Amino acid sequence: MKKSLLALSITLALFSCKKKETTSDFSATDVTGTSVVKGNVNKNVITPNGSGGWINTNRVNMAGVVVTIKVNKGGTLGLYPNSTANGADVYSGTTDANGNYAISVKSNATGVSALITIDGFTGTQDTIINNVTKTGLYATYAGTSVTRNLFMGANTTFDHNYTATNVSSNPNNISIGSAIVTGSISMNLVRKQTTGTVVTMSSTNIAVPANTTVYLSFDKDPTLLTTKVYQTTTNAAGVYTFNLSTVALGSAGFNQDATIWVADYATSRDTANYNGVNFINITPGLPGVYNKVTTTQNGVYNTEIRNAVNMNYNAFTPN
């Protein structure tokens, strides 16, 4: 009986020793956690200064800007400093509608070195007037990067203020004036001339009816800094006139090209009857559509008058 108890005691002692040895093999050698990198990204815009001039120091938040963070796995300030780990972890995010971003990064208690990069881009330096944004000329916006030490459980903030570098001259250093484009709109009819018993058929042009709509597209309005469409109507003689807001010749970034047109015109192509050289009356013709007519005036600058910019409805498609 004593021998049995002695054997059991030895077995339990050996089992207990073995269990302690197994537990000691699972000691922690590295502890990691998370840090949050957050910030705001904005750019400068042009605004009125209240005295008839402009300033470019006010700012608006930027949405959709890419932010990246790189943390090396090995090395003194790596995520696993006591290891031979290679490579890096790269985290990325984008700014929201308010220009804010927040990115969770894996870090440790002793601190990791994180390279934070905010991308640059090319865009427009815009003008804001009465809360309305007017698209400006192209500019470059330089990105930035910084190295920060991150400790688990502690957050860090990194903001960036973009400042525009204009690709071309600032459009707000300009003198604004006016120019005139004027002309007439006519339409082609069949001309029937009767001289005795001889009938001759040809064509003739007459003024379009009063209040026919005429359009003008100006490639860069000096206030809106984008294309502006003007609209006017003809008088009883078929004449139209546009008064354009424009800049002086030589203003950088302004081509000032004007495209004038009249839209498709649904009517009939009538016949104008003449007795010799005297007009008699109009005979209604087949209904159809006169096709759109367009013309262009290039470089319409301050103080210019572009007259006799005439157009004629000629191509007619019957129904």
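I started with the largest nonpolar core, which has 23 residues. Val 181, Leu 216, Phe 242 and Ile 260 have the most contacts inside it. Such a core is a set of buried Ala, Val, Leu, Ile, Met, Phe, Trp, Tyr and Cys residues joined through side-chain atoms within 4.5 Å. Buried means under 20% relative accessible area with a 1.4 Å probe, protein chains only.

I noted that this is a predicted model, where local features need pLDDT of at least 70, side-chain atom pairs need 80 or more, and totals for chains, interfaces and linings use all residues. Residues are numbered from 1 along each chain, and side-chain values use heavy atoms, without hydrogens and water.

E15 (176–195), E17, E19 (239–247), E20 and E27 (311–313) each supply at least two residues. E15 gives the largest share, 5 residues. Strands are DSSP runs of E, at least two residues long, numbered from the N terminus.

I then looked up Val 181. Beyond its neighbours within four places in sequence, Val 181 is in contact (heavy atoms within 4.5 Å) with residues including Leu 216, Phe 242, Ile 260 and Val 309. A second, separate core has 22 residues, among them Val 67 and Phe 158.

I turned to a sheet. Four strands form an open, antiparallel sheet in the order E18-E17-E20-E25. E18 (228–233) and E25 (293–297) each have a single partner strand, so one side of each lacks a neighbour in the sheet. E17 (213–218) and E20 (258–262) pair over 4 bridges; pairing takes at least two DSSP bridges. Phe 218 has Ala 258 as its bridge partner in E20.

Technical notes:
Buried < 20%, exposed > 50% of the residue type's maximum accessible area, 1.4 Å probe, protein only.
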